[in-house]
Amino acid sequence: MRTRIAFLKGHGTENDFVIVPDPENAIDLSPAAVAALCDRRAGIGGDGLLHVVRSAAHPEARAMAAEAEWFMDYRNGDGSVAEMCGNGVRVFARYLQRAGHVAAGDTAIATRGGVKTVHIAKDGDITVGMGRALLPEGDVTVSVGGRSWPARNVNMGNPHAVAFVDDLAHAGDLYTPPPFSPAAAYPDGVNVEFVVDRGPRHVALRVHERGSGETRSCGTGACAVAVAAARRDGADPKATGTPATYTVDVPGGTLVITERPDGEIEMTGPAVIVAEGVIEPEWLENALR
């Protein structure tokens with residue numbers, strides 16, 4: 001940490017990230033360092049951090065190196081490790097394109113949730129193959145204040161509880177994790193989405209992201225919401241034999257989610273790099289004291 005560390009800042013539908021390029025995995029990014037960098041007042045600020053590492057250089061990704069050259073070592077804003085981040089994958093891909101590592105078209109990115117296929121369109125939007133959703137059985141309930149709702153348990157490589165509500169204001173301030181039950185449903189915590197209908201196959205959400213609080217967008221959350229909405233609406237693609245596409249409004253923009261009859265889910269949305277610079281080692285040393 002005695003040398004300057006390069007960074008960039010980017011966002012996908014205002015879900016924002018500190019990006020740290022580190023191809024050879026030479027930078028020790030402790031949870032405390034990540035939290036300091038993501039601090040919105042004393043640091044750079046971000047919902048999370050994208051550590052850009054070659055798969056072959058990271059012990060968690062070496063097995064995926066033959067399929068994907070680059071590994072998204074994603075961390076939440078509090079420094080904790082996360083399995084996946086849908087908006088993060090798009091921003092990660094945009095960085096790879098900007099740095100000249102990939103061109104428009106198809107590429108693959110390794111994550112803790114597996115290898116994700118990515119298509120960078122010439123018009124700017126990025127589509128990510130998010131894999132298949134798992135729908136664990138069992139009833140789940142989420143609560144805010146004196147209200148409680150049944151929630152759909154959806155796993156997109158990370159856990160989600162999707163609750164359909166009458167008004168997004170019912171989600172409260174989302175500064176703290178909404179209580180859920182049973183506790184055994186999510187032993188490591190959960191991302192909670194509160195959802196309202198906007199029209200046919202058109203919904204809007206607010207989300208509390210595990211380890212980050214309320215964020216302006218959540219890509220895996222938007223996918224989980226589309227999956228839950230399709231089941232609620234009788235539009236399960238496996239049952240109907242036709243894809244189900246939902247427009248999902250998030251506070252920071254709009255994502256389009258399509259689930260195919262084979263279960264594969266695609267998410268399309270924007271990704272923007274807004275700045276780049278260097279992290280002063282003296283600042284980081286002082287921040288970690």
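Which residue's side chain meets that of Arg-260 in a salt bridge? The partner is Glu-266, with a distance of 3.3 Å from N to O. This briefing concerns a predicted model, in which 20 salt bridges are found. Several of these pairs are described below, together with the exposure of their residues.

**The pair Arg-260 and Glu-266**
- Arg-260 has a relative accessibility of 31% and therefore counts as partly exposed.
- Glu-266 is likewise classed as partly exposed, because its relative accessibility is 33%.

**A link between distant parts of the chain**
- A salt bridge connects the side chains of Arg-54 and Glu-24, at 3.3 Å from N to O.
- The two residues lie 30 residues apart, and their pairing links distant parts of the chain.
- Arg-54 belongs to strand S3, which covers residues 48–54.
- Glu-24 is located in the loop between strand S2 (15–21) and helix H1 (31–38).
- Arg-54 counts as partly exposed because its relative accessibility is 28%.
- Glu-24, by contrast, reaches 53% relative accessibility and so counts as exposed, the cut-off for that class being over 50%.

**A buried pair**
- Arg-75 and Asp-73 form a salt bridge in which the closest N and O atoms are 2.8 Å apart.
- Both Arg-75 and Asp-73 are buried.

Note on methods:
Residues numbered from 1 in each chain as written. Predicted model: local features only at pLDDT ≥ 70, side-chain atom pairs only at ≥ 80, totals over all residues. Heavy atoms only, no water. Salt bridge = Lys/Arg side-chain N within 4 Å of Asp/Glu carboxyl O. Helix = DSSP H or I, 4+ residues; strand = E, 2+ residues; numbered from the N terminus. Buried < 20%, exposed > 50% of the residue type's maximum accessible area, 1.4 Å probe, protein only.
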